[in-house]
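Reader: Could you take me closely through one part of this model, namely how its pieces meet? I would be glad of a connected account, with the criteria spelled out as you go.

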Number of protein chains: 2
Amino acid sequence: MIAITTIQELLHHMRTRRREYPDDRIGLVPTMGYLHEGHASLMRRSKAECGFSVLSIFVNPLQFGPNEDFDRYPRDAERDLALAERNGIDLVFMPSVQEMYPSKPLTSVIISQVTDRLCGASRPGHFDGVGTVVSKLFHLTQPDRAYFGMKDAQQVAVIQRMVDDLNIQVEIVPCETVRESDGLAMSSRNVYLSPDARAQAVVLSQALTEAEQAVKEAGMTVKELEARIRETIAKAPLADIDYAEVLDYPDLTVPSAEVDLSQYPNKLIVALAVKFGSTRLIDNRLLDSHGGERHV
Amino acid sequence: MIAITTIQELLHHMRTRRREYPDDRIGLVPTMGYLHEGHASLMRRSKAECGFSVLSIFVNPLQFGPNEDFDRYPRDAERDLALAERNGIDLVFMPSVQEMYPSKPLTSVIISQVTDRLCGASRPGHFDGVGTVVSKLFHLTQPDRAYFGMKDAQQVAVIQRMVDDLNIQVEIVPCETVRESDGLAMSSRNVYLSPDARAQAVVLSQALTEAEQAVKEAGMTVKELEARIRETIAKAPLADIDYAEVLDYPDLTVPSAEVDLSQYPNKLIVALAVKFGSTRLIDNRLLDSHGGERHV
């Protein structure tokens with residue numbers, strides 16, 4: 001496995017690889033590091049589907065708000081490299097902020113509408129930063145496929161939309177969320193949780209499982225379903241709800257208030273962001289029209 | 001020469017070409033059609049430098065304001081194809097609006113600061129449309145080099161900045177403005193001019209030539225130079241100045257009012273936009289610190 005930090009090396013390796021194996025598929029797994037089993041599942045999928053797999057590790061300052069956790073975002077390069085190697089990665093690109101943004105970037109890739117709600121609303125500018133850095137990584141790596149976890153379902157919708165709109169020649173592969181044994185979605189931010197908060201954080205996946213059942217009830221409305229979800233989460237005394245929404249997926253528009261969700265014709269997403277102290281967790285579930293889980 | 005209208009055909013041809021001639025350079029000449037000798041010079045440069053030259057012809061609605069000339073922008077596909085073939089183009093991509101924007105695009109590539117002045121100020125949203133469509137064309141064609149005329153000097157600065165910021169792997173090649181025998185910069189919009197306006201339009205290049213001399217005068221200030229330029233243009237009774245500015249290039253920032261331009265340490269650009277009736281013409285000249293013309 002090759003580990004590099006500069007754009008020049010990355011371009012060189014990609015060029016060489018492409019020239020030597022023109023028929024090989026190239027996979028990209030873009031991450032912010034502090035890798036866990038969720039990331040490992042993306043890497044293994046890339047390994048299985050591609051002849052050459054690239055992992056990027058970059059905590060992108062552009063996608064953090066001024067009061068967010070950029071500085072304290074967890075980092076552990078050594079452990080990440082070991083995990084990448086074990087999971088079939090061929091090249092790790094781990095640039096510095098200076099390498100990715102040698103001067104103040106004047107160009108932004110801005111995706112509207114699908115960013116109006118959820119994390120787009122809670123974290124102004126977040127998806128501008130995501131769109132910009134992901135397009136940079138796509139240009140540098142020119143992968144055939146790029147692997148993203150569905151825990152960040154809005155991110156997947158946003159990136160798919162960017163790729164479609166800008167004709168970026170890459171296939172976005174959404175991968176199922178990996179969970180702890182009690183159902184908590186794996187996240188690099190889980191390490192922030194106090195033992196009490198960690199125990200209570202299970203309410204997110206519980207609320208989603210309940211929503212999956214509740215949406216099948218005849219006459220279930222958006223308002224009623226969101227109220228049920230909030231009620232479940234409220235059982236965790238440390239939980240502070242940022243958002244708990246039921247939306248159309250992948251358009252992320254709001255179904256009309258009166259619609260009977262059990263008869264809803266499109267895919268739905270239940271999306272949650274819940275704070276435990278200063279740690280903000282997100283989770284979601286896709287539901288199809290008759291309330292079954294939608295596999296991605 | 002191949003002429004195609006769909007993205008699918010374009011991707012197919014580019015993929016095949018790249019596979020068969022992996023060492024050949026690919027050149028792209030993005031245009032809005034109604035080609036003239038200026039475009040022809042870009043095509044010939046691409047032909048000379050690249051093994052395969054692509055011309056795109058697309059009048060991009062995104063870069064026209066609501067009161068601009070999108071609908072009446074001149075078009076002549078047949079003549080364009082003949083000119084392209086004569087000038088060494090291998091493939092012409094001429095998509096419909098529907099092909100380029102099958103649904104309302106939600107993604108924009110937005111370049112700030114270098115778009116604050118000149119056409120960026122006069123035509124709000126213009127460079128968002130340019131950035132977006134040029135990035136689409138780059139993704140579809142994946143050229144090694146892309147050729148742009150320096151008549152649109154701000155466009156060149158904007159695209160170079162976009163390419164740098166987003167790490168798009170293409171070399172931008174700025175090409176010198178081609179002029180009519182009396183000095184008028186070639187433009188598809190010149191056909192709009194009445195005979196009187198056409199005769200008077202020569203004041204743009206005259207004002208630029210005078211500016212080139214005037215900037216060498218000791219103590220010349222931005223204000224004084226701009227006043228001289230305006231004075232020259234005002235001699236044409238039909239001329240209505242949109243802007244006449246002296247800026248730093250390629251940053252397109254305003255030099256301080258008191259600075260002695262004859263001693264200016266960086267490149268300068270004199271940029272003009274002048275309306276003759278409803279026809280808006282632009283032209284510019286790059287000046288170096290000692291007032292000589294800067295060749296691109």
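Author: Gladly! Across the interface of chain B and chain A there are 21 residue pairs in polar contact, both residues having pLDDT 80 or more. A polar contact here is a pair of N or O atoms within 3.5 Å; within protein, one must be able to donate a hydrogen and the other to accept it, and residues adjacent in sequence count only if both atoms are side-chain atoms. On the side of chain B that touches chain A, the elements giving two or more residues are helix 1 (7-20), strand 5 (107-111), helix 6 (126-141) and helix 7 (153-166) of chain B. Helices (H or I, at least four residues) and strands (E, at least two) are DSSP runs, numbered from the N terminus.

Two notes on how to read all this. This is a predicted model, in which local features need pLDDT of at least 70 and side-chain atom pairs count only at pLDDT 80 or more, while totals for chains, interfaces and linings use all residues. Residues are numbered from 1 along each chain as its sequence is written, chains are lettered from A and ligands numbered from 1 in the order in which they are written, and side-chain values use heavy atoms, with hydrogens and water left out.

Back to the interface: two salt bridges cross between chain B and chain A, a salt bridge being a side-chain nitrogen of Lys or Arg within 4 Å of a carboxyl oxygen of Asp or Glu. Arg19(A) is joined in this way to Asp23(B), with 2.6 Å between the closest N and O atoms. In all, 29 residues of chain B and 28 residues of chain A take part in the contact, where contact means heavy atoms within 4.5 Å. Together the chains bury about 2600 Å², with 47% of that on carbon and sulfur atoms. Leu106(B), Thr107(B) and His139(B) provide 26% of the area that chain B buries against chain A, more than any other three residues. Buried area is the accessible area (1.4 Å probe) that two parts lose on being put together, summed over both.

Of the area that domain 1 buries against domain 2, 32% comes from Arg72(A), Arg117(A) and Leu118(A), more than any other three residues supply.

Two salt bridges are counted between these domains of chain A, and there are 11 residue pairs in polar contact across their interface, both residues at pLDDT 80 or more.

Now for some individual salt bridges in chain A. The side chains of Arg117(A) and Glu245(A) meet at 2.8 Å, N to O, and those of Arg189(A) and Asp69(A) also meet in a salt bridge of 2.8 Å, N to O. Arg189(A) sits in the loop between strand 7 (171-175) and helix 8 (195-200), and Asp69(A) in the loop between strand 3 and helix 3, so this pair ties together parts 120 residues apart in sequence. Arg189(A) is buried at 16% relative accessibility, and Asp69(A) is buried at 12%. Arg117(A) belongs to the loop between strand 5 (107-111) and helix 5 of chain A and Glu245(A) to strand 8 (residues 239-248), so that pair ties together parts 128 residues apart in sequence. Arg117(A) is partly exposed at 31% relative accessibility, whereas Glu245(A) is buried at 13%. Buried means under 20% relative accessible area, exposed over 50%, and partly exposed in between (1.4 Å probe, protein chains only).

Elsewhere in chain A, a network of salt bridges links Arg45(A), Glu49(A), Arg145(A) and Glu171(A). Over all chains, the structure holds 34 salt bridges.
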